[in-house]
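User: I would like to go through the terms used for this model and see what each one rests on. Please set the values against the definitions.

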Amino acid sequence: MTATLDPQSSDAADDVRVGPGWEIDIDGVTREDLAPVRRQLWLALVGLALGALMGIAQAADRADINLYDAFQLESYYQGLTLHGVALAFIFTFCFSNAFLSILGMRAYGRPLNRMLANASLYVAWLGVLLAAWAILANKATVMFTFYAPLEATPAFYFGAVFLVISTWIVFLNLVLTHRQWRAEHEHERIPLLGFVSLMTSLMWFLASLGVAIQVLGFMIPWSLGWVDEIDPQFTRILFWFTGHPIVYFWLLPVYISWYLSLPKLVGGRIYSDGLVRMVFIAFVVLIPVGIHHQFTDPGIPFTSKSVSFILTFFIFFPSTVTAFSIFASLEEGGRANGGTGLIGWIRKLPWGNPAVSGQLLAGIGFMLGGASGLINASFTVNNLVHNTAFIPGHFHLTVGTGVALSIMAICYWLVPYLTGRELWGRRIAVTQTWLWLGGVFIFSRGQMMGGIDSMPRRTQASGSNYFDAQGSTWEWANALTAVGGTVMFVSALLFFMVVIGTVANPIAVTGRQEIPIAEVVHGPRRSWAILDDIKIWAAIAVVLTVVVYGEVIWHYGGLNNVSGGFRVW
Amino acid sequence: MEIDRYERWFMIATFTFIIGAALALMISVVGHHASLAESAGTINPEDVRTTAPFDAPGLHPSTDPDHDYDLVIIAQTWSWTPEEMVVPVGANVRILATSVDVVHGLKLKDTNANVMVIPGQISEVRDVHFDEAGTYWLFCHEYCGIQHHNMAARVIAE
């Protein structure tokens, strides 16, 4: 299962620094196969860097310091749009593209189709360039949610389309590779790693159809002037159909890492093959719950909201199952390292490995974020916090830490794996992971206390004529947001220092590079065969979607095309 | 399929929690009339200012038998109409709101009123109470353009 990466057959620019001993753990994978994966990762990190830069500008705004002039941006809201698009679309999508591709190669023991891998990369770049141009030219200050009738320039919507298409190409590539493997292994269970990668990709493909219809069917024709008017309520329904499961797409690559990879890094094992498969199936089936982002939308009846509310609570189930399983794997690893007692094993986990500390701390942030998510999901309780600063407080713990910090941690083994360079600055990296969690705790505490006291989200604090009249809770909220955001920014700087230090590291890795994937205690032979029947789960997801959203659309009736476009920024 | 004994208990506990939480919320809805914002019909944004009740924004006796007053509010970039409203303490108020341009959001501080204001739709918030005399701030909580952070109004309960 070992392939030596032949320096002769590689792209010339990187050749010189490749050590002769650099090998990876996937048969037949050449440097040309790794190149598109590596470049997708770089594109993801460009997104993270842009997002972090805008993040510090937002934090500074809470302290009445204006960084937008220095960045040559027109407004807070232009920066906030860039922050959202760079992180919610570019960083996460491109990381998923890279990570699912390399995991697919590992799972099926072969390279993916190189032409498709490059196509995905180029299409993603095209999307990034179009969206970035539209935003930087101040022609698309519409936030990453782009609610009509705010009207961006068409390039912005095309950018979003190309970014989504880049993820579909990866899905296609995984499906083709899976079929190739299936032809050779007719009666075998799908490798667990392949199954979860494929399910993640499948989930997102189905989920993204809502926004695809919204953008291709409504936003683009309207922004091009082919049609004069648009229905703001209906396009929101389509947006949030995708807008909830997009969260799964951010999260599931990280779940793959927590379930399959983190146990290996701490010296533990995966407890149950079947349980992992079940969790990923649950996320495919639970696609149609987006209405819970619209509990306060007028155009959606009470019945539809009730159905969505109950379905939404079931998402808590796969997440708690995940928490339990991962704790079990961690405990096994901690005890194997000599840890004893009820919690003594925690200290024996390899905290000195930044890939471990980052993912463990991300998990802590994610648990608090998930718990606060129950508040948002709770129907009437949501009235207290809907669209307040509580929401960014919540999702900076989930996607901003559970996902983003895990991705940074994964980079601490993935960058050496993909570049053949030894990790540089391990201690800085470990410090970075702790700083991030500390920063986000301060940040989210501030945002949440402000939100519970009705502070709106997406609002420029420094320029507001009513913030000062709201009293000390808002002052504290702003101060904590500013301090926490700054700490997170410093942490991001350290992350990039380590990545650049690693890429430029004169020391090559030695020996075979492995993707850390743990062994399973109770292997696939003990799990139900039906779990592997991907078509059945996809069919259930489609049927549930048709039932849930069929009811919503049936109640909604015909389109209410009443709005022309507005450019009010 | 192998599921660890403790994990099975944990799954049952989680499941029970989910059902319990769902029941608790249903009780709050059925027993205590906790409600969500709903639609009170559609309206063309261009006709808002000439269509009842939005042709006369402000406080009126309610046309709904369950409420004492209707508080009629128009959202536009970047202000509310009216910008200052007076309501009697303790009255049962229904809020009716709509937008003449982009999407806005209505958040009334220290009350349960929280609703999106979407062009083409009339938002209805039922059973809003102002239990104490004083000023209640009303913010726009959805990004609506360059002056979004200055879009606030006040409801004075007396």
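Analyst: Two residues are in contact if their C-beta atoms, placed from the backbone, lie within 7 Å. By that rule, 57 residues of chain A are in contact with 53 residues of chain B. α12(A) gives the most to the side of chain A that touches chain B, with 7 residues. Helices (H or I, at least four residues) and strands (E, at least two) are DSSP runs, numbered from the N terminus. By class, that side of chain A has 27 nonpolar, 24 polar and 6 charged residues. Here Ala, Val, Leu, Ile, Met, Phe, Trp, Tyr, Cys and Pro count as nonpolar, Asp, Glu, Lys and Arg as charged, and the others, Gly among them, as polar.

The model is predicted: local features need pLDDT of at least 70, side-chain atom pairs count only at pLDDT 80 or more, and totals for chains, interfaces and linings use all residues. Residues are numbered from 1 along each chain as its sequence is written, while chains are lettered from A and ligands numbered from 1 in the order in which they are written.

User: What class do A:Met143 and A:Ser454 fall into?

Analyst: A:Met143 has 19 other C-beta atoms within 10 Å and is therefore partly exposed. A:Ser454 has 25 C-beta neighbours inside 10 Å, so A:Ser454 counts as buried. A:Met143 has a positive phi of about 65 degrees although it is not a glycine, and phi of A:Ser454 is near 75 degrees, also positive in a residue other than glycine.

User: What makes a set of residues a nonpolar core, and which residues have the most contacts inside the largest one?

Analyst: A nonpolar core is a set of buried Ala, Val, Leu, Ile, Met, Phe, Trp, Tyr and Cys residues joined through C-beta atoms within 7 Å. The largest has 235 residues, and those with the most contacts inside it are A:Ile90, A:Met203 and A:Val284. Helix α3 (residues 76-108) of chain A gives the most to this core, with 22 residues.

User: How do you know that the span of α12(A) agrees with its number of residues?

Analyst: The expected span is 1.5 Å times one less than the number of residues. The 21 residues of α12(A) should span 30 Å, and the end C-alpha atoms are 30 Å apart, so the two agree.

User: Where is the kink in α9(A) centred?

Analyst: The bend at a residue is the angle between axes fitted to the seven residues ending there and the seven starting there. In α9(A) there is a kink of about 40 degrees, centred on A:Trp258. As for cover, 21 of the 22 residues of α9(A) are buried.

User: How does chain B stand against the globule rule?

Analyst: The radius of gyration is taken over C-alpha atoms, and the rule is 2.2 Å times the number of residues to the power 0.38. A compact globule of 158 residues would come near 15 Å, but chain B has 20 Å. The C-alpha atoms of chain B fill a box of roughly 65 × 35 × 30 Å, taken along the principal axes.

Methods: Buried ≥ 20, exposed ≤ 12 C-beta atoms within 10 Å, placed from the backbone.
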